[in-house]
Amino acid sequence: MSCIHWLTFESHPKRNPRAAGSLIKMKATAKHRFWTVNPMGGNEEFLGFCQKWIGIREYIKNRPDHEIVVVTDARDVLVNRTPDGFVETYHSMGPKGKDFVVFGTEKACCVMPMYDHKPGAFVKKSGGRKALASAPSGSDDTDFRDFWTRRMKARVPKSAPKAVKDFYALNGGMACGTVGAWRTVLAKLDPLDPDEDDQALFTELQLMFPALVKCDYYQKLFSNSNVWDKRKGCFFAWDAKKKSFRNTRTKQTPYFIQTPGAEMDVKPFWCYNQLYAKLKK
């Protein structure tokens with residue numbers, strides 16, 4: 001089996017709020033499912049979302065191309081099952097022998113730089129950068145979300161059921177790929193500014209290079225709850241035999257589940273805590 005490296009970024013690794021997510025809680029779910037996470041950024045000043053990718057680029061610099069690197073957020077992600085079958089599932093999502101990265105999906109679009117800029121604003125297809133995914137466009141009248149949404153929805157397999165099509169947007173909080181693929185992807189984003197929004201950048205690459213940057217539409221590897229659907233957005237059912245949660249929308253048992261603790265939720269982190277209560281045992 002290929003070597004798997006699981007990386008995350010957490011500038012306050014010892015912080016463990018009672019009713020919120022944390023690296024400590026994530027590690028508790030990982031321990032019982034035989035995953036080992038490599039945290040980066042401990043005690044560093046947080047500069048922005050792309051700070052972790054600068055560290056990841058350094059981490060993979062001398063790693064063999066075929067090794068697998070999983071990258072997730074820390075404070076709102078839980079481990080749902082053991083690594084058994086993870087590598088095989090990843091490789092089934094692309095052509096044999098090809099390097100690619102796979103991101104989880106979510107129902108909502110978009111992050112702020114995507115309001116200000118059209119698709120194609122950040123990266124040149126021929127190589128090099130056009131604009132930072134943090135700087136405003138300079139106009140107060142722009143809102144390009146519809147442009148991004150139409151492009152992303154067009155990438156979802158036409159044969160997919162509605163439950164899958166609902167989750168059309170790339171989620172920057174969970175992803176995996178070979179070292180070779182990550183090296184190629186990050187080179188296309190060079191030079192990275194720590195303050196840039198990584199979700200905007202990776203969505204740009206997914207639309208521009210679909211063979212290299214893919215989405216886990218069926219949520220076989222990664223699953224994301226949806227706080228905008230309130231109580232209905234925590235669509236996971238416990239399987240006592242597998243000791244894992246099943247996504248009731250896609251009927252898959254993902255390896256990682258992200259349950260954002262957003263303020264617009266019924267109660268921040270309520271879904272996270274509901275899942276954590278089972279997965280920590």
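**Strand pairing and helix packing in a predicted model**

Strands β4 and β11 (residues 256–258) pair in the antiparallel sense over three bridges; two strands count as paired if DSSP finds at least two bridges between them. Helices (H or I, at least four residues) and strands (E, at least two) are DSSP runs, numbered from the N terminus. The model is predicted, and local features need pLDDT of at least 70, side-chain atom pairs count only at pLDDT 80 or more, and totals for chains, interfaces and linings use all residues. Residues are numbered from 1 along each chain as its sequence is written, and side-chain values use heavy atoms, with hydrogens and water left out.

**The β4-β11-β8 sheet**
- Val-77 has Gln-258 of β11 as its bridge partner.
- The order β4-β11-β8 describes an open sheet of three strands with mixed pairing.
- Because β4 (77–79) and β8 (222–224) stand at the edges, each with a single partner strand, one side of each is left without a neighbour in the sheet.
- From one strand to the next, the twist averages 20 degrees.
- Helix α9 (residues 270–279) lies across β4 and β11 and runs at about 25 degrees to β4 (axes are lines fitted to C-alpha atoms, for helices over the stretch in contact; angles run from 0 to 180 degrees between N-to-C directions).

**The β1 and β2 pair**
- Strand β1 (residues 4–9) pairs with strand β2 (residues 37–40) in the parallel sense, over four bridges.
- Thr-8 has Pro-39 of β2 as its bridge partner.

How values were computed:
Contact = heavy atoms within 4.5 Å.
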